[in-house]
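Trainee: I keep meeting labels in structure reports. Can we take some apart, one by one?

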Amino acid sequence: MRPRVGHIQFINCLPLYYGLVKNDVLWDVELSKDTARELSRHLLEGRLDISPVPSIEYSRHWRELILLPGLSVSCDGPVASIYLVSKVPITELHNRKIALTNTSRTSQVLLKIILENKYHIHPNYFECPPHLGSMLLEADAALLIGDEALQIHYQVPSGLYAYDLGCEWKELTGCKMVFAVWAARRNFADDNPELVREVQRSFVHSMSYSLLHVEQVANDAARWECFDSGFLKAYFSTLQFGFDAGHQQGLREYYRRAQALGHISEAPELNFLEV
Ligand SMILES: C=C(O[C@@H]1C=C(C(=O)O)C=C[C@H]1O)C(=O)O
């Protein structure tokens, strides 16, 4: 049986999947690419068995899911691919309009936490597709994630202010930030525990392989992406893909603040698959 496994369509996850290709694991799983937001829907609705999901979505459905240990998309300070881009300094955004990319779940709430808890301001938010030009036509600032945000990190458009939300979170809390976690549908994991363990081991192995060969991953990616290999190497080294005690502590802090602001009804338990 080939488990149906999700794959975030951004460059950020390349190190987690690169090793799967190199180690010939790809044939053992059926991979589907999409945004993390869509992948979580497919997982919950039974079209996927195992997938990365935005951390905020895990908290909304944690009873139906089980976490894969050792895997996340996180940062400790700068993240490089989650940006608030603004026409005015961040402190002047009170009562102004902010466009939120509809590809995000976790960072939408993260931005609201940061603006409320750190800057004590209340903008008006609306959701739309991630096109900076059209976002800034209607709004004073825009939240971008993934490849569109990485483009901002590569070159901030002149005349605009850009804020890395990983840095903002670190300044506010001193914590690491976890954007996505890996989860299996609980009933799938109950029926196929060894298969889920195998997939978890493959991803952890793939991540270690990629981090050991980060130069090779960056050189390869630079052949088809519009970023040079030095930039990509720095990016892959900025992101964190593990899920250690520090990540879990940062995630709990995020859930605590999200709940305090009414974005989630309860802080979830972090239930891990036994490996
Ligand atoms: C670091 C990132 O984290 C992403 C942010 C997500 C969100 O805001 O919902 C979901 C998945 C992650 O891949 C990124 O987009 O680059």
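Predicted model: local features only at pLDDT ≥ 70, side-chain atom pairs only at ≥ 80, totals over all residues.

Mentor: Start with its largest nonpolar core, which has 81 residues. Leu165, Val181, Ala183 and Ala184 touch the most other members. Strand 10 gives this core its largest share, eight residues.

Trainee: Why is this core said to lie between domain 1 and domain 2?

Mentor: Domain 1 (4-74 + 178-260) gives residues to the core, and domain 2 (82-173) does too, so the core lies between them.

Trainee: Which residues does Ala183 touch, leaving out those up to four places away in sequence?

Mentor: Among them are Leu43, Val53, Tyr58 and Leu68. A contact needs C-beta atoms within 7 Å.

Trainee: What makes Lys33 buried, exposed or partly exposed?

Mentor: Count the other C-beta atoms within 10 Å: Lys33 has 13. Buried takes 20 or more, and exposed takes 12 or fewer. The count of 13 falls in between, so Lys33 is partly exposed.

Trainee: Where is Lys33, and what does Lys33 touch, not counting residues up to four places away in sequence?

Mentor: Lys33 sits in strand 2 (residues 30-34). Lys33 touches His7 and Gln9.

Trainee: Now the ligand. How many residues surround the ligand, and which are the closest?

Mentor: There are 17, and the closest are Ala36, Ser81, Ser104, Ser107 and Phe179. By class, the shell has ten nonpolar, six polar and one charged residues. Helix 4 (106-117) and strand 10 (177-185) each supply at least two.

Trainee: Why is the shell placed between the domains?

Mentor: Domain 1 and domain 2 both give residues to the shell, so it lies between them.

Notes: Residues numbered from 1 in each chain as written. Near = placed C-beta within 6 Å. Nonpolar A, V, L, I, M, F, W, Y, C, P; charged D, E, K, R; others polar. Domains from an automatic or database assignment. Core = buried A, V, L, I, M, F, W, Y, C linked by C-beta atoms within 7 Å. Contact = placed C-beta atoms within 7 Å.
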